[in-house]
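Biologist: I'd like to learn how to read a few features off a model. Can you walk me through some?

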Amino acid sequence: MTESNSKNKSKDIPAAADVPAAADGQQQEQRRGGGNRERRGGRRGDRRGHERDSEWQERVVQIRRVSKTVKGGKKMSFRAIVVVGNEKGQVGVGVGKAGDVIGAVRKGVADGKKHLVKVPLTRHSSIPTLSNGRDGAASVLIRPAAPGTGVIAGGSIRTVLELAGIKNVLAKRLGSKTPLNNARAAMVALAGLRTHKETAKERGISLEQIFS
């Protein structure tokens, strides 16, 4: 056999060391591709969860340092009052206690989402009727307002009304100035709201008789 033929055959036949190297490279690429797919799927799940969480807004009304007397002395912790709402007719007030501020706020948000109240809104982003709420020594009066009035309220009551999606309303604090009691009194007032259709159905009369 001539030297030229042997050289051609050696070029056509791949080296034994190159075959497993190429196979290992393909396996590594497949692994990388699979990993990327898993990461993409995880990112999609994170985006969906972020979209759900982005619908809710959280505002901290008050953070206080509180103490509890135990056998060894006083145990210090933090209490956070948080208002949670989606500005579409749902709002809640929560309280959280923890050894640090971040943990207290996190617990307050979870507690607020457990105690949500659905608020009936009119087409002018107001409430249908006047309502009065009371919690402890705090009393809150809430009444509808004309378009363009804005939210006329103060303290924690204003925060509750804004996160509920109410944009035209008049509110007055009549009792205690405690932020937690005022926020809960506002929640009681909002929970007692009824639309004109619901009122007519409960009373067993037509809607025209209510307005007459």
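**Reading a helix and its surroundings**

Modeller: Let's start with α4, which is mostly covered, with 7 of its 10 residues buried. Keep in mind that this is a predicted model.

Biologist: Which residues of α4 are buried?

Modeller: They are Ser156, Ile157, Thr159, Val160, Leu161, Leu163 and Ala164. When you read a list like that, remember that an α-helix has 3.6 residues a turn, so residues three or four places apart point the same way.

Biologist: Why is Asn168 called buried?

Modeller: Check the relative accessible area against the cut-off: buried means under 20%. Asn168 has 8%, so it counts as buried.

Biologist: What does Asn168 touch, leaving out residues up to four places away in sequence?

Modeller: His124, Ser125 and Ser126, then Ala145, Ala146, Pro147, Gly148, Thr149 and Gly150. With Thr149 there's a polar pairing to look at: a polar atom of the Asn168 side chain lies 3.2 Å from the backbone nitrogen of Thr149.

Biologist: Now the surface. Which residues make the nonpolar patch?

Modeller: Val60, Ile63 and Val101 make it, and it covers about 210 Å². Val101 sits in helix α3 (residues 101–114).

Conventions. Residues numbered from 1 in each chain as written. Predicted model: local features only at pLDDT ≥ 70, side-chain atom pairs only at ≥ 80, totals over all residues. Heavy atoms only, no water. Buried < 20%, exposed > 50% of the residue type's maximum accessible area, 1.4 Å probe, protein only. Polar contact = N/O pair within 3.5 Å; in protein donor to acceptor, adjacent residues only side chain to side chain. Contact = heavy atoms within 4.5 Å. Patch = residues over 30% accessible without salt bridge, like charges linked within 9 Å, V, L, I, M, F, W, Y side chains within 5 Å. Areas by Shrake-Rupley, 256 points an atom, 1.4 Å probe, with all protein chains shown as cover. Salt bridge = Lys/Arg side-chain N within 4 Å of Asp/Glu carboxyl O. Helix = DSSP H or I, 4+ residues; strand = E, 2+ residues; numbered from the N terminus.
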